[in-house]
Amino acid sequence: QVQLVESGGGLVQPGGSLRLSCAYSEMAFSMNTVAWYRQAPGQERKWVAEITGGGTTSYLHSVEDRFIISRHNDRNSVDLQMNNLKPEDTAVYYCTVLGTKYWGQGTQVTVSS
C-alpha cells in the first residue's frame, strides 16, 4: 500500500524554524516530482514548493527566500526547511507526488507568539 507520511509540524514563534519531512513508501517515487501544499482554515489548499526527480526546485513567491525543499532518495523522503516563519504560514501542510492520487495526512504548523 502506497503511503506518504508527513512529520515535523508544531507550534513555533514568529521568526522561528521548522523542518517538515515527507516519507514515501515507494522507491519508484524517487524520480517523480514531489510537492508541498498547505491549507489554512477556511482557505483552499495551496501549492507551496516542489522538487523534481532531478532536483529542480520551485517555490511560492511568498516563501522562496525562507523555505528550502530537498529530497533524500536514500531514505525516500522530501524535506521542507522553513525559516523565519510568519503567522501567515500557519496551516496544515501536505505532501503529494504530482501526477498521482497520493497525499499524506498532513501536519499542523502554527506560528504564534
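Tutor: Strands here are DSSP runs of E, at least two residues long, numbered from the N terminus. Arg 38 lies in one of them, strand β4. Keep in mind that this is a predicted model.

Student: Why is Arg 38 called buried?

Tutor: Buried means under 20% relative accessible area. Arg 38 has 11%, so Arg 38 counts as buried.

Student: What makes the link between the side chains of Arg 38 and Asp 89 a polar contact?

Tutor: The cut-off for a pair of N or O atoms is 3.5 Å, with one able to donate a hydrogen and the other to accept it. The side chains of Arg 38 and Asp 89 are joined at 3.0 Å, so the distance meets that limit.

Student: How do you know that β4 and β5 pair?

Tutor: Pairing needs at least two bridges found by DSSP. β4 and β5 have 5 bridges and run antiparallel, so they pair. Arg 38 has Lys 46 in β5 as its bridge partner. The two strands form a hairpin with 6 residues between them, and Gly 42 in the turn has a positive phi of about 75 degrees.

Student: What makes β5 and β6 a pair as well?

Tutor: The same test, at least two bridges, applies. These antiparallel strands have 3, so they pass. Glu 50 stands opposite Ser 58 in β6, and in this hairpin Gly 55 takes a positive phi near 95 degrees.

Student: Which residues touch the most other members of the largest nonpolar core?

Tutor: Of its 27 residues, they are Trp 36, Phe 67, Leu 80, Met 82 and Tyr 93. β4 and β5 are among the elements giving two or more residues to this core. Beyond its sequence neighbours within four places, Tyr 93 is in contact with residues including Trp 36, Arg 38 and Phe 67.

Key. Residues are numbered from 1 along each chain as its sequence is written. This is a predicted model: local features need pLDDT of at least 70, side-chain atom pairs count only at pLDDT 80 or more; totals for chains, interfaces and linings use all residues. Side-chain values use heavy atoms; hydrogens and water are left out. A nonpolar core is a set of buried Ala, Val, Leu, Ile, Met, Phe, Trp, Tyr and Cys residues joined through side-chain atoms within 4.5 Å. Buried means under 20% relative accessible area, exposed over 50%, partly exposed in between (1.4 Å probe, protein chains only). Helices (H or I, at least four residues) and strands (E, at least two) are DSSP runs, numbered from the N terminus. Contact means heavy atoms within 4.5 Å.
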